[in-house]
Every structure is written in structure tokens, then in C-alpha cells.
Amino acid sequence: MDRYARWNALLEMLTDNGRVSVEEAADRLEVSQATIRRDFDQLAQQQMITRTRGGAVANGVSYDLPLRYKTAKHSAEKQRIGTAAAALVSPGTVVGLNGGTTSTEVARALAVRPDLNTSAEGAQLTVVTNALNIANELLVRSRMKVVVAGGVVRPKSFELVGPLGGALLREVTLDIALLGVDAIDPQLGAAAHHEGEAAMNSLMVARAKRVVVIADSSKLGGHAFARICPVDRVETLVTDSGASPTVVQAFRDAGVHVICA
């Protein structure tokens, strides 16, 4: 296990338990206690955790981990979700795509579809995004037209937030918005941990003819700080096969078409 994989595992352990000892972490990750102490010290220097005598405790920030530490969590499910969500996109349309690990899988699935990468007049796909990593995924892998909203970069998610990006989004029309979220609930709707990201996502929803939420099953029925949109604005929810049948039915009862990839 390399350093970043260990850090990802340690942050997830702290998010789940709130507190982890050096001895416990070393046993679970099968590395030396000296290695764990170094990892804890380096994570504390980045203000990701708080170091304690004999271990570490989670900071509030640990509930919204930087994107580079979240890639391994539910990765297989997110790849399936990405493929299923990309299948909802038609050639020649304008797609809104925000940031996040699941959205990254959607971008990768879009980039390898030959019918979306044709140079024929009128057939080229246009992607509007506020995430720098999403734009990079599409630019290096495809021939799509990529439009990037302006704003201030959030280092955790690589998303651009703020009024500069909002000014652009208010001037475009999206055929479909594919939105990764931190939580979605049948009553409370879709939400994000960060209010700036939620505001940008809300603008995408307002400018879209169709809204598709992409979320692995761990986010269903969950809560987050800032609301993106009510559930009646969501046409389709793409999740994974691990979703609870009861929760899935609750979304369907709310009028949402649910795809379990």
C-alpha cells in the first residue's frame, strides 16, 4: 500500500470512528507503528487531522475529504454509475457536469464514446463544467467542446465557485445536467457539504432541461449542509445496485426515475 492509499484509509477510519490509535491503525493497515506516526504527523501538518498522544482525532474537515483522497472509496460502483449516466447523453447536446469522483467517472465514460467525439457539423458534444479536473479529463481524452465556468478554485474538489462562474452559467442553456452530490434524500432533495459548490450546482439545475443526479448508494437518504435542489426537480437518479430497495422505492414514489447500475 503506497502512502496516498494509506492516507486515504486513515482518513476514512477517522471519519467513521472519530478517533484512531497508532497501534490500531498499524494493525489494520499491516504497517509499522513508526509509519503510522509519520502519516499522522504529515496529515496533521496539512490540517486534515488533529494529532493526539498515541493517535489522532478527526477534524471537521475530514467529513469533506479532498478529492485526491476519495478516489478509492466505492470506486467500482462509481465506474458503473459513470457508464450508466453517460449512456443518457445524446450526441450534439449540451451537458452540465460538476466536480467529484463520481462525476469524474461520468466524464471518462463520455470521453470514450465514439459517437460523442465525431467532428461532423452539429454532432459535437458540448460540456459545461465548473471543475478543472473534469475539463482536463475531457480535453486530453476527447474532441468535445469544453466550456469552463470561472470562479475561485476549491483545492479539495478542484471546483470553481463564486459569482464569476455564476455569470457564465446564467448565460447558457443545458440539455442535461449530470450532478454529483454529497447527499440526496426523497424529502430534502439534493445537497452538498460546501455552500459555494451547492450554489453553482443550483445554477446548473436552473439552466437545465433535464436533471440527473449521480450518487452511490452511501449518499442516498443522507444529509448535507447546503441544498442544491428539491427532489421534484430531479428527473433521474443513477445509483448502484447496493442501494436499499426501500430507499429506491421512496425516490420512485417521489416521481424520480431510478437507475441502479
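1. **The cysteines.** Cys-229 counts as buried at 4% relative accessibility, where buried means under 20% relative accessible area, exposed means over 50% and partly exposed lies in between (1.4 Å probe, protein chains only). Cys-260 is partly exposed, with a relative accessible area of 38%.

2. **What you are looking at.** This is a predicted model, in which local features need pLDDT of at least 70 and side-chain atom pairs count only at pLDDT 80 or more, while totals for chains, interfaces and linings use all residues. Residues are numbered from 1 along each chain as its sequence is written, and side-chain values use heavy atoms, with hydrogens and water left out.

3. **Overall build.** The protein has nine helices and 15 strands; these are DSSP runs numbered from the N terminus, with helices (H or I) needing at least four residues and strands (E) at least two. The C-alpha trace spans about 60 × 40 × 35 Å along its principal axes. The radius of gyration is 19 Å, which agrees with the value near 18 Å that a compact globule of 261 residues would have; this radius is taken over C-alpha atoms, and the globule rule is 2.2 Å times the number of residues to the power 0.38.

4. Buried residues make up 51% of the 261 residues. The accessible surface comes to about 11700 Å², and 51% of that surface belongs to carbon and sulfur atoms; the areas come from the Shrake-Rupley method with a 1.4 Å probe, and for residues only the protein chains shown count as cover. Of the contacts with a separation of 6 or more, 66% are between residues 24 or more positions apart, a contact being heavy atoms within 4.5 Å.

5. **The seven-stranded sheet.** Which order do the seven strands take? They run β6-β5-β4-β9-β12-β14-β15 in an open sheet with parallel pairing, where two strands pair if DSSP finds at least two bridges between them. At the edges sit β6 (145-148) and β15 (257-260), each pairing on one side only. From one strand to the next, the twist averages 20 degrees; axes are lines fitted to C-alpha atoms, for helices over the stretch in contact, and angles run from 0 to 180 degrees between N-to-C directions. Looking inside this sheet, β4 (residues 94-97) and β9 (residues 174-180) pair in the parallel sense over three bridges, with Val-95 opposite Ile-176.

6. **Helices on that sheet.** Helix α6 (residues 132-141) lies across β4, β5 (126-129) and β6, and runs at about 165 degrees to β6. Helix α8 (residues 195-207) packs on the sheet too, touching β4, β5, β9 and β12 (208-214), and its direction makes about 150 degrees with that of β9.

7. **The three-stranded sheet.** Here the order is β1-β3-β2, in an open sheet with antiparallel pairing. The edge strands are β1 (19-21) and β2 (49-52), each pairing on one side only. Neighbouring strands are turned by 20 degrees against each other on average, direction ignored. Three bridges link β1 with β3 (residues 55-58), and Ser-21 has Gly-55 as its bridge partner in β3.

8. Helix α2 (residues 22-29) lies across β1, β2 and β3, at about 80 degrees to β1. Helix α3 (residues 33-45) packs on the sheet and touches β1, β2 and β3, with its direction at about 130 degrees to that of β2.

9. β10 (residues 183-185) and β11 (residues 189-192) run antiparallel, joined by three bridges, and form a hairpin with three residues between them. Ala-183 stands opposite Ala-191 in β11. Ala-191 also stands opposite Arg-227 in β13; β11 and β13 (residues 226-229) run antiparallel and share three bridges.

10. **Two backbone spots to check.** Glu-30 has a positive phi of about 60 degrees although it is not a glycine. The place of Glu-30 is the loop between α2 and α3, and at 73% relative accessibility Glu-30 counts as exposed. Phe-158, also not a glycine, has a positive phi of about 65 degrees. Phe-158 is in the loop between β7 (152-154) and β8 (159-161) and is partly exposed at 30% relative accessibility.
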